Amino acid sequence: MGTSNDIMNNMFQMNGLTGLFSIVVELLSIMLVWMLIREVKWETFFHFPNSRKAQVLKLLLTVALGHMFAQFILQYWNYTVMLKTFVE
């Protein structure tokens, strides 16, 4: 059986891996939404779709939608991990 110091180190390492996984999922989700949002015909919404204000709105929309999608993925992942402990 490991010492309490080994157990703490393992917990910190698992938290670090979980954080890294979350960051990667978040960034990939934002990139995916950015690729999808570029296909929208912005001329219908803006008189000047390439203006600074339109670009900032597209960026904020991308980050918000990407974050929501990433949270869905991460929450789903957490549910599957919880189900493993239920089955065991």
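Modeller: Gln75 is found in helix α2, and the model that shows it is predicted. The side of Gln75 is neither fully covered nor fully open: Gln75 is partly exposed because its relative accessible area is 36%, which lies between the cut-offs of 20% for buried and 50% for exposed. Val40 lies 35 residues from Gln75 in sequence, and their C-alpha atoms are 28 Å apart.

Buried residues in α2 include Ala54, Lys58, Thr62, Gly66, Ala70 and Leu74. An α-helix has 3.6 residues a turn, so residues three or four places apart point the same way.

As for the whole chain, its secondary structure comprises two helices and zero strands. The C-alpha trace spans about 70 × 30 × 15 Å along its principal axes. The radius of gyration is 20 Å, whereas a compact globule of 88 residues would have one near 12 Å. Of the 88 residues, 15% count as buried. The accessible surface comes to about 7700 Å², and carbon and sulfur atoms account for 71% of it. Among contacts between residues at least 6 apart in sequence, 71% join residues at least 24 apart. Finally, the chain has 6 positive and 5 negative charges, whose mean positions are 18 Å apart.

Methods. Residues numbered from 1 in each chain as written. Predicted model: local features only at pLDDT ≥ 70, side-chain atom pairs only at ≥ 80, totals over all residues. Heavy atoms only, no water. Helix = DSSP H or I, 4+ residues; strand = E, 2+ residues; numbered from the N terminus. Rg over C-alpha atoms; globule rule 2.2 N^0.38 Å. Buried < 20%, exposed > 50% of the residue type's maximum accessible area, 1.4 Å probe, protein only. Contact = heavy atoms within 4.5 Å. Areas by Shrake-Rupley, 256 points an atom, 1.4 Å probe, with all protein chains shown as cover. Lys, Arg positive; Asp, Glu negative; His and termini not counted. Charge placed at Lys NZ, Arg CZ, Asp CG, Glu CD.
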